[in-house]
Amino acid sequence: MTDNATTTLSLDEVKELARSVFVAAGMGEQGSEVMAELVRMTERDGPRSHGLRMLPVYAQSFSSGYANPTADPRIERVAPGVLRGDGDNGYYQITAAKARDELIAMVRENGIAAFTCANCHHLGALRFDTGPLAEAGLVALGVVNSLSMVVPQGGIRPVFGTNPMSFACPRPGAEPVVWDQASSMVALMDIRMAAAEGHDLPRPAGLDPDGQPTQDPSAILETRSLLPFGEHKGAAIAFLIEILGAALAGGTLSVDNASREAHGALNIKGGNTLIAIDPARFGNAAFEDYVQRVCAEIEGNGNARVPGDGRLQNRAATQADGVRVTADLMAQLRELV
Ligand code: NDP
């Protein structure tokens with residue numbers, strides 16, 4: 001359906017549009033399927049700042065030579081509980097999709113296992129990295145570092161990336177609990193969107209050129225200095241992700257990630273770690289009851305919700321009503337096909 005300003009796409013149409021952009025950008029069948037499904041799930045659940053809007057960024061990362069559209073990732077089991085990936089300079093999600101079944105088998109065997117990946121790019125929401133593991137009955141923690149943009153508490157110079165983390169666990173009788181969050185007060189893509197839409201951010205989220213906290217997205221994009229969430233506590237989480245992501249995986253540290261500039265790219269090369277746990281192997285037969293109990297204490301508790309459950313409402317709405325895409329974005333995407 002189309003009116004003057006927007007087109008409404010079904011989720012299947014979203015996926016087909018995304019797939020055609022990836023194929024036109026030189027990706028093969030398997031890679032474009034993984035990435036198009038990611039765009040479909042992102043438009044379905046949110047955050048929409050990481051869905052169709054990212055397609056020009058993906059396409060540019062290939063046309064500039066920064067990322068490899070025909071990546072052929074390698075996976076190697078280096079210890080009973082450690083699976084290492086090399087993304088062949090392609091997108092992480094393609095390597096992770098290739099590694100998933102082996103990681104799950106290792107977790108079932110050992111109780112706990114980790115997958116690390118270097119030489120790869122990560123764009124988009126982390127929840128789609130951990131969610132499939134929770135759907136398999138596992139608990140999962142995923143992290144990725146990125147490009148230095150977040151200042152340590154009290155600092156004036158960025159050290160950490162917006163370094164997101166995601167946690168997921170099965171929930172009896174319901175969709176798994178899956179949440180993901182950036183280490184910055186506000187995700188970079190949301191700052192870009194606020195600048196494009198011409199409004200301030202709801203709270204100070206970065207430094208202005210005088211080193212003062214500001215709500216002005218354009219000033220923050222100028223300094224490229226974002227504040228961590230929760231002051232020193234968020235900065236500590238960003239530190240953890242730098243070590244668990246870049247250092248453990250052998251990916252690029254956020255402070256060393258300037259090479260994208262030469263390609264004019266917006267995506268980032270970093271290191272990913274995904275830790276998966278089989279609760280059935282940890283000896284608490286009532287694990288699921290504990291999850292249910294904690295969720296029950298949150299639900300119906302004033303306006304509180306289980307973290308990540310907002311996406312389930314988005315999902316129901318987009319499955320019923322489709323996705324509205326602005327005429328500008330549609331025009332931009334058609335040029336890429
Ligand atoms: P948000 O602050 O919007 O949300 C963080 C988490 O909290 C979500 O799981 C959200 O899920 C949940 N949440 C939000 N409000 C509430 C509430 N009132 N009660 C309970 N839970 C709540 O996310 P960010 O801005 O920090 O990150 C945006 C996205 O950007 C993420 O998907 C992240 O993975 C991605 N990202 C990716 C990067 C990359 O390099 N690939 C870099 C940085 C970020 P819900 O609203 O569904 O309940």
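Mentor: Before we start, helices (H or I, at least four residues) and strands (E, at least two) are DSSP runs, numbered from the N terminus. The model is predicted, so to speak of local features we need pLDDT of at least 70, and side-chain atom pairs count only at pLDDT 80 or more, while totals for chains, interfaces and linings use all residues. Residues are numbered from 1 along each chain as its sequence is written, and side-chain values use heavy atoms, with hydrogens and water left out.

Trainee: Got it. Where is Pro47, then?

Mentor: Pro47 is in the loop between α2 (29–45) and α3 (55–63).

Trainee: And what kind of peptide bond joins Gly46 and Pro47?

Mentor: A cis one, with omega at about -5 degrees.

Trainee: What about Asn89, is its phi positive or negative?

Mentor: Positive: phi of Asn89 is near 60 degrees, and Asn89 is not a glycine. You'll find Asn89 in strand β3, which covers residues 82–91.

Trainee: Let's move to the ligand. Which residues come nearest to the ligand?

Mentor: Asp180, Ala182, Arg305, Gly310 and Arg311 do, out of 22 residues around the ligand. To be counted as near, a residue needs a heavy atom within 4 Å.

Trainee: How far is the side chain of Asp180 from an oxygen atom of the ligand?

Mentor: An N or O atom in the Asp180 side chain is 2.5 Å from a ligand oxygen. A polar contact is a pair of N or O atoms within 3.5 Å.

Trainee: And how far off are the backbone atoms of Ala182?

Mentor: For Ala182, a backbone N or O atom lies 2.7 Å from an oxygen atom of the ligand. Gly310 has a polar backbone atom 2.8 Å from a ligand oxygen.

Trainee: Which elements give two or more residues to the shell around the ligand?

Mentor: Those are β7 (174–181) and α11 (310–321). The largest share, three residues, comes from β7.

Trainee: How do the shell residues divide by class?

Mentor: Into nine nonpolar, seven polar and six charged. Here Ala, Val, Leu, Ile, Met, Phe, Trp, Tyr, Cys and Pro count as nonpolar, Asp, Glu, Lys and Arg as charged, and the others, Gly among them, as polar.

Trainee: Where does the ligand sit?

Mentor: In the largest pocket, as more than half of the atoms of a molecule must lie within 2 Å of the grid points to say that. On a 1 Å grid over the protein atoms alone, a pocket is an open set of points with protein on both sides within 12 Å along at least five of seven lines, whereas a cavity is a set where a 1.4 Å probe fits but cannot get out; lining residues have an atom within 4 Å of a point.

Trainee: What volume does the largest pocket have?

Mentor: About 610 Å³, where a volume is the space filled by probe spheres set on grid points joined across faces, edges and corners. Of the 35 residues that line the largest pocket, His50, Gly124, Pro164, Ala182 and Ala187 are closest to its centre. The elements that give two or more residues to this lining are β7, α6 (188–197) and β10 (269–277).

Trainee: How many cavities of 30 Å³ or more does the structure hold?

Mentor: One. The largest cavity has a volume of about 40 Å³, and its lining includes Ala96, Phe115, Asp129 and Leu274.

Trainee: Which element gives the largest share of that lining?

Mentor: That's α4, with four residues.

How values were computed: Polar contact = N/O pair within 3.5 Å; in protein donor to acceptor, adjacent residues only side chain to side chain.
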